[in-house]
Amino acid sequence: MTGRAKWLQALRIAFLCTVILLIYSQHQCYLKGVESLRQAEDLLPQIQQILPAAETLTVVHWNDGTPALAIQDAAEKELGFCVRTQPAAEHIVGFSGPTDVLLLLDSELHVTHAEILHSGDTRDHVQQVIRAKFLEQLHGRTTSQMQSFDEIDGVSGATLTTAAILESIRFRLNNGIEQDSPASMPSLKFPDGPQIEDLCRLYPTAAAVEPVSYSSLWTVLDKESQPLGRVLRLSPAADNVIGYQGPTDALIGLGEQDDILGLSIGASYDNEPYVEYVRTDRYFLRVFNQRTLPEVAEMDLQAEGIEGVSGATMTSSAVAQGVLLAAKNHVERNANPSEHLSTEAIGPLADWLSTLATPRNLSTIMIVGLGTALGLSHWKPWHQVRFFYQCLLIGWLGWVNGDMLSQAMFVGWAQNGLPRGAPGLLVLTVVAFVIPIGTGKNLYCAQLCPHGAVQQLVRNRLPWRVRISPRAERGLRWIPMALLGWVLLVALRHLPFSLVDIEPFDAWVWTIAGAAALTIAIVGLVCSLFVPMAYCRYGCPTGKLLEYVRYSKHGHWTKRDTAGLILLGLAIALVCL
């Protein structure tokens, strides 16, 4: 590297890091703005819409120690109280996130008003709850009556969201004490007791059950009401362990010494085909057999080599984690009934290692390693295995794993930090950036992108070729930079726009892909039949970002440096606005 080339490369990296820091800091300010809505002074205008005479809010504590805000008028006369579920109940998620609920109560602690302030759950589910006027069912109930919601009807199609809302309210009105939740209270997500058909998988002659000492432990009875054994439910201890799209309940059959006899999968909010795979996998259902609950409570899933069910990895992993949570809660309860473990039973390191050992992450890392070795190798017969490698890249990394870099992913990581559950993608990202920065080779676009590999395979397959004039090509090459500008606008101003809609990569997970991603993917590949690598050259902002950080031994200021400076200026302007 020449001195000037090193200086320019360092400047490019500095520009990129500055933009990342701006996105992160701006997002934290945005979150603080959302958080500030939880403060008393910010609640007052909203409360005044319901109680116009309200003038001040004062922190008080009820007899049981639960904090609340007393609502007073100008003469300091008490008009009632208000409480909200966040941030105390942030750990209680519905379909995809927690929901913040505001409750207004009169002086006798009867609910007079309930509404959703903010929700991280799926928009359509939340709207369905609002349209159904679900929270109106709470009106007139006292705080003590909200320890049980047996008479509350959920909203069809939004069951998880409504259950999480009620669980959040109950948790908040219990002073947010973790040891009183979730395992000591009946589950709101799985309110029904163990079903006979599920029990019969463990005890073929089971006819009834009765609770033992708390909501998760049950005695199994035969037709003569003679005990056959006991079962420990995963719910409610594992109600917030999400698989593919929701929690799953299961029964742990127990022997006399709390030794595990087997698992039986019960009700689930997860995708039913996946649940059925787990329900019928004999190996997985017996993987904890002959171990006692205290032994399971101390287990490390990764160290024990316990793997998920093929085709239902996320669902089965959630069940396995739920077994650990239920076992830990049971052991701790027996050891000291006045104290229970938090539901956060699996530490970050163990969780990361467990995730790393999954087939998806290991296969992604192996393909990345193979592509890196071949891309950086001077091995002459590389062209002889190129077709085989590209098929592996497209078929496995693309269709099976769906692991590809995108602007939506980059922005999410810049705003919220790196994920613990995607080590394969993290390795892919590190390689994608480190190699061009250090060697000048854009390895990801050339060797590791499944969408690029498809374009490489289809180019020159037709005898027709569309010629683009130099002037038009100069204009088209600015499209990716323009898209990067749009990404900054969306990220820094928090516009209600999904960034997956500007790239085709979401189309590889076709079961959830939107129309925009599918359209870009199809149009881009069709164009690549007539213009080689059309999408990569004229439409890919991710490729342009990687090209920007690529080292060049020519230490000259180029158009990409000018574009980078413009984008940095745009980012600074958006933050200052």
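A residue counts as exposed when its relative accessible area is over 50%, as buried when that area is under 20%, and as partly exposed in between. Glutamine 290 has a relative accessibility of 67%, and it is therefore exposed. The structure in which this residue sits is a predicted model. Glutamine 290 belongs to the loop between helix α7, residues 282-285, and helix α8, residues 293-297. Its phi is near 70°, a positive value in a residue that is not glycine. As background, most residues other than glycine have a negative phi.

The protein as a whole can be described with a few totals. It has 22 helices and 10 strands. There are 577 residues, and 47% of them are buried. The exposed surface comes to about 27900 Å², of which carbon and sulfur atoms supply 58%.

Glutamine 72 lies in strand β2, which covers residues 67-72. In sequence, glutamine 72 and threonine 58 are 14 residues apart, while in space their C-alpha atoms are 7.9 Å apart. Setting aside neighbours within four places in sequence, glutamine 72 is in contact with several residues, including Ala53, Glu55, Thr58, Lys77 and Leu79.

The loop between β7 (217-221) and β8 contains serine 225. Serine 225 is not a glycine, yet its phi is positive, about 60°. The loop between β8 and β9 (248-254) contains proline 236. Here the peptide bond from serine 235 to proline 236 is cis, with omega near 5°. In general, most peptide bonds are trans.

Helix α13, residues 407-416, shows what a mostly covered helix looks like. Of its 10 residues, 7 are buried. These are Gln407, Met409, Phe410, Val411, Trp413, Ala414 and Gln415. Glycine 417 follows α13 and has a positive phi, near 95°.

Which residues of α13 make the contact with helix α14? First, the geometry: α13 and α14 (residues 423-439) pack at an angle of about 100°, and their axes are 13 Å apart. Angles of 65 to 115 degrees count as roughly perpendicular, so α13 and α14 are roughly perpendicular to each other. On the α13 side the contact is made by Met409, Phe410 and Trp413, and on the α14 side by Leu425, Leu426, Thr429 and Phe433. By class, this contact has 6 nonpolar residues, 1 polar residue and no charged ones. The spacing of such residues can be read against a general rule: an α-helix has 3.6 residues a turn, so residues three or four places apart point the same way.

The crossing of α16 and α19 is right-handed. Helix α16 contributes His451, Val454, Gln455 and Val458 to the contact, and α19 contributes Ala521, Leu525, Ser528 and Leu529. The contact of α16 with α19 has 5 nonpolar and 3 polar residues, with no charged residue.

From α18, the residues Met481, Leu484, Gly485, Leu488, Leu489, Leu492 and Arg493 meet Ala563, Leu567, Leu570, Ala571, Leu574 and Val575 of α22. By class, the residues of the contact of α18 with α22 are 11 nonpolar, 1 polar and 1 charged.

Not counting residues up to four places away in sequence, leucine 495 touches Trp486, Leu489 and Val490. One of these, Leu489, is also among the α18 residues that meet α22.

Notes. Residues are numbered from 1 along each chain as its sequence is written. This is a predicted model: local features need pLDDT of at least 70, side-chain atom pairs count only at pLDDT 80 or more; totals for chains, interfaces and linings use all residues. Side-chain values use heavy atoms; hydrogens and water are left out. A crossing is left-handed if the near helix is turned anticlockwise from the far one by less than a right angle, and right-handed if clockwise. Helices (H or I, at least four residues) and strands (E, at least two) are DSSP runs, numbered from the N terminus. Contact means heavy atoms within 4.5 Å. Ala, Val, Leu, Ile, Met, Phe, Trp, Tyr, Cys and Pro count as nonpolar, Asp, Glu, Lys and Arg as charged, and the others, Gly among them, as polar. Buried means under 20% relative accessible area, exposed over 50%, partly exposed in between (1.4 Å probe, protein chains only). Accessible areas come from the Shrake-Rupley method with a 1.4 Å probe; for residues, only the protein chains shown count as cover. Axes are lines fitted to C-alpha atoms, for helices over the stretch in contact, and angles run from 0 to 180 degrees between N-to-C directions. Angles under 35 degrees count as roughly parallel, over 145 as roughly antiparallel, 65 to 115 as roughly perpendicular and the rest as oblique.
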